[in-house]
Each structure stands twice: as structure tokens, then as C-alpha cells.
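User: I have a model open here. Can you walk me through some of its local geometry?

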Amino acid sequence: MRVRALTHPPGPLLFAKHALALPKTWEREGGEEGRNAPLSRFLGEGPGVRADIITANMTGKLILLTGATGYVGGRLAPRLLEAGYRVRCLVRDPARLDGRPWRKQVEVVGGDALDPRVLADAMRGVSVAYYLIHGMQGGKVNAERDLQVARNFAAAADEAGIERIIYLGELVDPAGDLSPYLRARHETGYLLRYSKVPVTEIRAGMIVGSGSVLFEMVRFIAERQPLLVCPSWFFSEAQPIAIRDVLAYLVAALETPESVNRVIEVGGPTRLTYADMLLEYAKERDLKRRLIRTPFYAPRLSAYWVHMVTPIHWRVVAPLIEGLRARLIVRDDAARKIFPQIKPIDFRTAVHLALNRVQRDNVETSWMDALVIAQGDVKPYVFTVEEGMFVERRQVLLDLSPETVFRAYTGIGGARGWMYMDWSWVIRGWLDKAIGGVGLRRGRRHPDEIRTGESLDFWRVEAVEQNRLLRLRAEMMVPGKAWLEFISEPQDGKTLFTVCAYFEPRGLPGFLYWYAMWPFHKFIFDGLTRRLASRARVLAH
């Protein structure tokens, strides 16, 4: 087999700019307009693109769900549908819902919750709105932005005549020394409650479930560290709660009048320190672990340590650690009285269920679904191939179907690795971790299934077109923007398999980076193309 490498020499390519723009309203269920087109089609972003509204035919009360691309929201949507409600999702990037099994059953409004016009569109005809907008942007607490979103949301809900807002907050001790993150969550609830719209605020403890930050943090530390030197936050009391119980409370609140205008604290049946959680996990896995207690708090140093030994970025875990300076426990038993039918499961049972899902490759949503990366917050945008962008392209004609080739390249990464010179990808991941990047250890949610918006090692899945295209956006630390694109197109009864690497340099460091990496890329991407072609042949048989 000979790989035809259309590799441009280290230097910028000059492309003519095209004025093809995304339409203002576009259907995601039909053709592959806009986001899923290959970069080589030179898509340009048109001005004035507003909220995209995609309508589904369902009956029943209409519910607005924010945060549908997040950990909790992505699991709440199908449960609301199962309960017989119509669901409308407000998300910044509608493409990130592609691949969800319930996608075609919901309406979608695309836009920023800071924009009152987007909120007005999203709330038209809605009965109840779920406020699951997170108080972190790119891993950084941005309290003022979060509070402004809450003000806008409350005002829009009042204008639209919404019956109620259901807000998922976090357990806090208002009299304690709150971290900036927890204070922002607490003040968000305050702003919503003191608006003109009735509010149910459910304050949950740290959530335990397959793919949750807490579970992944406990899992990786307990699996890899037989001896732990523990800072003082390891011994602060918390009341973790299973994701299934959080979802049960959120759904039950819809039909429980007693929950209106109430702050309801929910947690698991037992109070545990973080050290207790590690030891409980170790018992479930039949591991022996020893803990050495120290008097030091050291939240930032602890966050960096977690960053290096787990897939979780330090910016993601820092608010969790900072919150453990206070006792995050339930102080009011209103939940037991208002929702007597819900019996929260204990931490050990929650861990057992989460491990079963991980082992069966059945993780529904993950903390990695959120757009939290080393570079900060990433807003949705449409890419253009333009002047000054470097491109490496390799092509090979395969006597296989596009479906088989698609299966081959959508299975890369995670435990399967990167097919060729895998050690070099591992080294690149460690270097990225060392300078504050996300690293390679995030893996993938499922070994074969892939969907837009989720993470894949140090990439983010930017677009998936069934049997035709996969585009990944780099989230590792690079001086510019980078993409890796795989395309399988039918050609004379065969399949033309194309691998494209795109790089948009940022200043002189970006150009120097490309020149330095180009010789290595030649070997790595040549080998990657050959190995993927070989994998496709194996899959065909």
C-alpha cells in the first residue's frame, strides 16, 4: 500500500476566502450543512446568526432545560422525556447535542444565556425552566458573569410568564468561609429566589456517578496511590449523593407543589470525609490503601497534584478542593418530608453502580463533556481555511466501504491508543500536563461510539458525519489552533481515505512550533494513515 502524501512544505498556504455562510436557521437532522462539512470546503461564518430553533413533535408540558451538554443536564433530558414532558434545550452550540440518543426528541435553541433575545426565544411557551448553568467558565470562576446570567434569566422568565424555575445549586454553609466558586453558586440561588418567579432551589452534595468529577478523582487516586500523604481537606466532612438520586429529586420537583419557593438540601444517607470516600472505594475494589494525615491545607498544590495523577485538569478540581474547607453537609431534612418516596443510596452502592457502568463502557455523560480546557472558555464558532494556515494532507485509496473506514478512524484514542508511535503521543501528553495542559489521560467515553462535543484524549470532537468525517480540535497547549480531520469518501466503488492536519499559528511562536514539529509529523501521520488503513481491512474481515 502506498500513501499519497499531499504534504505542503513548512510554510503558509494561501487560500482564497469563500463567502459561504451558515444559514440563520438550519436543520441538524437532515443534510450536513455547516458544522459537519470538511474544513476543505472553506466554510465562512456569516454575521448575525441568531438562535437556532429545531422543533420536535411531542405533547405535554414544555420544559426548558439549560446545561443539556453538561454532566447533569445530559442525563436529565432523557428522564424528562420518559416522564412525558416536552423538552426544549438551551445550549450555546447545538452541534454538541448531535449523537445523543434523545436528540431528535427535543427542541433546541442555540445561543448565549447572556443574550436577552436568546432567552426570550428559548422561554416562549415554556411552563418550567431548569437552571443548570454552571458557575465556571473555562475552569475559572467568573462570578459577575454568572450573576448577570442569573439576572437575565430571572427577568426573561418573568417576562415570559414562566410558572417556576428549578435551580440545581450546591450544599454550602453560608456562615462559613466559602470559596469563590461556592459563593457564586450561593449568590446565584439568592438572585433567582428573590425574582418575581417562584423558585425551587435544590442544593446537592458532591455528585457520585460514572463520569463525575468526584468519582473520577477518587477512582484514579485510589487505583494509583497505595500510600497517600493527605492534606487537611481530606478530612473535611461532606455528604456525597448519587447522580441517580439528584435526577430523581429534579424530576420529582416538577410535580411536587410543596417544593415551590423552597431551598431543599439533598445528600446521601451518610457523612463522609474525602479520606473515607477513598477507603470505601478501595474496599469496593479490594485494594489496600494507607493514608498519612498532615495539618496542611495547600489547595493549589493539591490541585496540581491531582492534575498530574488523574485526567482532571487542576482548574476543574480546584473549586472542589477549595469547597472542602467547610463542612458540606445537609442541615435541613426538608427533602425527606417533601420527597418521602426518594431513598438516597449510600456512597459504596453509588460507587458499585458507577464502576459497573465504566466496566460496561456505558457512561452516559462525563465531566469532560464541559468545555473546560487549559486555554479557558471556548465559544462555538465555524472554522474557515484561510491565509496563513498550515495544512498536511495524506490520501490512500482503499478497496473498502466508507462505513468500514469510518469505523477504523473513529475508534482511535483512549485505551486503543494512536496506532503508530504511540509512545510519542504519551510523551506529548505528559509534556502537556507538565505545562498545565489537559494531557492525554482523559481517554474517551466509549471505545467505539463517538459524538460531537465530547473529549478524546487531548482533543475535542468538533464534528462527526456518519460514515464520512471526523474532525478533532486540539485542546493541548499549542501556540495557535490545530485540528486533525479524517474523511472517507466513495470513489469509483472504493473509498478515498484522507487524513488532514490543520494548524493556524499564533504569532512567531506558532510558526516556530510548526517548523520544529513538521519533520516528526511527517513520520507520525504517514504511519497513522497506514495503520488506520490496516485496521479498516481487519474490520472488513
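User: Start with helix α1, residues 73-82. How much of α1 is covered?

Analyst: Helix α1 is mostly covered, with eight of its ten residues buried. Buried means under 20% relative accessible area, exposed over 50%, and partly exposed in between (1.4 Å probe, protein chains only). Helices (H or I, at least four residues) and strands (E, at least two) are DSSP runs, numbered from the N terminus.

User: What are the ground rules for the model itself?

Analyst: This is a predicted model, where local features need pLDDT of at least 70 and side-chain atom pairs count only at pLDDT 80 or more, while totals for chains, interfaces and linings use all residues. Residues are numbered from 1 along each chain as its sequence is written, and side-chain values use heavy atoms, with hydrogens and water left out.

User: Which residues of α1 are buried?

Analyst: Gly73, Gly74, Arg75, Leu76, Ala77, Pro78, Leu80 and Leu81.

User: And what do the buried residues of α1 pack against?

Analyst: They pack against β3 (62-66), β4 (86-91), β6 (128-131) and α6 (243-252). Contact means heavy atoms within 4.5 Å.

User: Switching to β10. Why is β10 described as largely enclosed?

Analyst: Strand β10 covers residues 199-204, and six of the six are buried, so the rest of the structure largely encloses it.

User: Which residues sit on each side of β10?

Analyst: Val199, Glu201 and Arg203 are on one side, with Thr200, Ile202 and Ala204 on the other. Both faces are covered. In a regular strand, side chains alternate between the two faces of the sheet.

User: Which way does strand β9 run relative to β10, and how many bridges join them?

Analyst: β9 (residues 164-170) and β10 run parallel, joined by six bridges. Two strands pair if DSSP finds at least two bridges between them. Glu170 has Ala204 of β10 as its bridge partner. From β9 the chain passes through helix α4 (residues 180-193) to β10, a right-handed β-α-β crossover. Right-handed means that, with the strands pointing away from the viewer, the path from the first strand over the helix to the second runs clockwise.

User: What about strand β15 and β10, how many bridges there?

Analyst: Five bridges join β10 to β15 (residues 262-266), and the two run parallel. Ala204 is partnered with Val266 in β15.

User: Asn261 next. Where does Asn261 lie, and is it buried or exposed?

Analyst: Asn261 lies in the loop between α6 and β15. Asn261 is exposed, at 52% relative accessible area. Its phi is near 55°, a positive value in a residue other than glycine.

User: And Ala298, where is that found?

Analyst: Ala298 is in the loop between β17 (290-293) and α8. Its phi is also positive, near 45°. Ala298 is partly exposed, with a relative accessible area of 31%.

User: Now α8 itself. At what angle do the axes of α5 and α8 cross?

Analyst: The axes of α5 (residues 213-224) and α8 (residues 299-309) cross at roughly 75° and come within 10 Å. Axes are lines fitted to C-alpha atoms, for helices over the stretch in contact, with angles from 0 to 180 degrees between N-to-C directions. The two helices are therefore roughly perpendicular. Angles of 65 to 115 degrees count as roughly perpendicular, under 35 as roughly parallel, over 145 as roughly antiparallel and the rest as oblique.

User: Which residues meet there?

Analyst: Met217, Phe220, Ile221 and Arg224 in α5 meet Trp305, Val306 and Val309 in α8.
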